[in-house]
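Reader: I would like to go through this model step by step. Please keep the terms plain.

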Amino acid sequence: VLHLERADVPAGAPSPSATMIETLNRKGLPVHKEVGEMITSLRWKFTLGDSPVVEPDPKKMDLLVEATLELCGRRKALVDWVDTIVGLWAWFALVNRVMFSVLEKAYRFLVARKDEEVEVTVWSSVKKELMAMLER
């Protein structure tokens, strides 16, 4: 568990961003980008400062939105595609856990169709849930 807290930094002490990078690296979460008090690691953006924030990396979220819209615009898709998109939404739901409750039918679809290796009809209920995720 990562705790983001703002504290006064004594003179000579490591900066909050350096401390965050060290913590992330120690927990096996490599830092991919660092700009000022903003750090990106594994699709997450950590912004330090007076009010620290953890949120999905906007660039990664944009790609997920595009993939979701593409999937919802199709009648059929590979189960692996649905699984990947649902999995990414679940990853991003970690910062807003109530979002997990939206994906009930999507998980049922994945269990029911897990052995399918050809394109299958994506349930309309799955598409509705994925479109609801866009409202985050």
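Reader: Where is aspartate 115 found?

Author: This is a predicted model, in which local features need pLDDT of at least 70, side-chain atom pairs count only at pLDDT 80 or more, and totals for chains, interfaces and linings use all residues. Residues are numbered from 1 along each chain as its sequence is written, and side-chain values use heavy atoms, with hydrogens and water left out. Helices (H or I, at least four residues) and strands (E, at least two) are DSSP runs, numbered from the N terminus. Aspartate 115 is in the loop between α4 (104-112) and β6 (120-121).

Reader: Is aspartate 115 buried or exposed?

Author: Buried means under 20% relative accessible area, exposed over 50%, and partly exposed in between (1.4 Å probe, protein chains only). The relative accessible area of aspartate 115 is 66%, so aspartate 115 is exposed.

Reader: Which residues of α4 are buried, and why do they line one face of the helix?

Author: The arc is that of the directions from the helix axis to the C-beta atoms. Seen down the axis of α4, the buried residues fall within an arc of 95 degrees, so they line one face. On the other side of α4, Val111 and Ala112 are exposed. The buried residues are Ala106, Phe109 and Leu110.

Reader: Which residues of helix α5 are exposed on the face turned away from its buried side?

Author: In α5 (residues 124-133), Val126, Lys127, Glu129, Leu130 and Met133 are buried. They cover an arc of only 160 degrees around the axis, which puts them on the same side of α5. The face turned away from that side carries the exposed residues Ser124 and Lys128.

Reader: How many salt bridges does the structure hold?

Author: A salt bridge is a side-chain nitrogen of Lys or Arg within 4 Å of a carboxyl oxygen of Asp or Glu. One of them joins arginine 113 and glutamate 116 (3.8 Å, N to O). Another pairs lysine 105 with glutamate 104, with the closest N and O atoms 3.9 Å apart. The structure holds five.

Reader: How many residues apart are glutamate 119 and arginine 74?

Author: The side chains of glutamate 119 and arginine 74 meet in a salt bridge (4.0 Å, N to O). This pair links distant parts of the chain: glutamate 119 is in the loop between α4 and β6, and arginine 74 is in the loop between α2 (58-72) and β5 (76-77), the separation being 45 residues.

Reader: Which residues are linked in a network of salt bridges?

Author: Glutamate 119 is partly exposed at 37% relative accessibility, and arginine 74 is partly exposed at 29%. The network links Glu70, Arg74 and Glu119.
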